[in-house]
Amino acid sequence: MIKIIKAQRSWQYFQAEEFLEQNEKYHLSLMQRIQKKEDCIFLVYKISVFSKPELKGVFSYTKGKNFAPYFPDFNSEIKNQLKYFFKKNKIFCLFGDSKETAQIEKLICANSEKEVREMFLMEFSPEKNQLVNDTEVFKCTPVELNSLLPLHLNFSREETYPHWKEVNAAAEGMNLSLIIKNFSIYAIKYDGKIVAKAHTNCETEHFVQIGGVYTVKEFRGKGMAASLVNKIGNTSLEKNKRCILFVRKNNQAAIHCYEKAGFKIFSECRMIYFKT
């Protein structure tokens, strides 16, 4: 019998962390939530009267209806329990391994419109760095928030939100404040104005994840994004952490940029937005 249990005790989070540890770099957001003991972690056990419960999977389901799974053995028993879970809980965004999300997508009771994004996961490898650029990258402070906001809103509009959803400027302003408080934002200025930025959006004990890479249109193709992600990659290594980012498969310009900065593709993932 399969049973889904919401994590509430420290030992449950510790068990989930151990379970995910070997595949951490494929599921950084999920691992971060586990390590922070957030109130959105669910453990999937196989229950037997003859032995102790066996952990078979773990996932997060946030207040924003975002679902991030990890199931090494995605069998029919687990699928049946998830079908029941999805009947009671709406999903706005499903994110994870390409093969796994393809199977889970079939279980979600969503006949409405959806948007699917196929992505590559890339990891920073210093020996792969081909970057020759003296662009000055600096770390932002809360003083730069107002200057960063237009770039952040444009990034959200172009890269984050599904096409049917309007960007909530007030909410994104608050989100940007949280990013600069809890993570790191790096930027490049031209003529005193910020024209490119990138930030970290996830950090675990062993990894750092990059997000929010955005360059103002008239400054694209000048190596600024490469300089930013290269800076974050090297800064992560100085902290003895490996650096990850993900990029859309159809964005060849960005893939080339990240490869030049020292990043290498190592896996595939999929993000699916459901219009609920």
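## Charges and the model

Let's start with charge: the mean positions of the 42 positive and 31 negative charges of the protein chain lie 5 Å apart. Here Lys and Arg count as positive and Asp and Glu as negative, with His and the chain ends not counted. Each charge is placed at NZ of Lys, CZ of Arg, CG of Asp or CD of Glu.

Please keep in mind that this is a predicted model, in which local features need pLDDT of at least 70 and side-chain atom pairs count only at pLDDT 80 or more, while totals for chains, interfaces and linings use all residues. Residues are numbered from 1 along each chain as its sequence is written, and side-chain values use heavy atoms, with hydrogens and water left out.

## Overall build

The protein chain contains eight helices and 12 strands; these are DSSP runs numbered from the N terminus, with helices (H or I) of at least four residues and strands (E) of at least two. A compact globule of 276 residues would have a radius of gyration near 19 Å, and the 20 Å of the protein chain agrees with that. That radius is taken over C-alpha atoms, and the globule rule is 2.2 Å times the number of residues to the power 0.38. Along the principal axes, the C-alpha atoms fill a box of roughly 70 × 40 × 35 Å.

Of the 276 residues, 50% are buried (buried means under 20% relative accessible area, exposed over 50%, and partly exposed in between, with a 1.4 Å probe and protein chains only). The protein chain exposes about 14,700 Å², and carbon and sulfur atoms supply 48% of it; the areas come from the Shrake-Rupley method with a 1.4 Å probe, and for residues only the protein chains shown count as cover. Among contacts (heavy atoms within 4.5 Å) with a separation of 6 or more, residues 24 or more positions apart account for 69%.

L151 sits in helix 5 (residues 145–160) and is buried, at a relative accessible area of 5%. Leaving aside neighbours within four places in sequence, L151 is in contact with I194, V195, A196, K197, Y214 and V216. A196 is 45 residues from L151 in sequence, yet their C-alpha atoms are 7.6 Å apart in space.

H199 belongs to strand 9 (residues 193–203) and is buried, with a relative accessible area of 5%. Not counting residues up to four places away in sequence, H199 touches I179, S184, I185, Q209, I210, G211, G212 and I232.

## Cysteines

A disulfide is a covalent bond between the sulfur atoms of two cysteines. Taking a pair of cysteine sulfur atoms within 2.5 Å as the rule, the count is zero disulfides. For C40, the closest cysteine sulfur is in C202 at 12 Å, too far for a bond; for C140, it is in C243 at 16 Å, also too far. C40 is buried, at 6% relative accessible area, and C140 counts as buried at 8%.

Helix 2 (residues 28–35) is largely enclosed by the rest of the structure, because six of its eight residues are buried. Those buried residues are L28, L30, M31, Q32, R33 and I34.

K37 follows helix 2, in the loop between that helix and strand 2 (41–48). Although K37 is not a glycine, its phi is positive, at about 55°, and K37 is partly exposed, with a relative accessible area of 45%. N240 is not a glycine either, and has a positive phi of about 60°. N240 lies in the loop between helix 7 (224–238) and strand 11 (242–248) and is exposed, at 70% relative accessible area.
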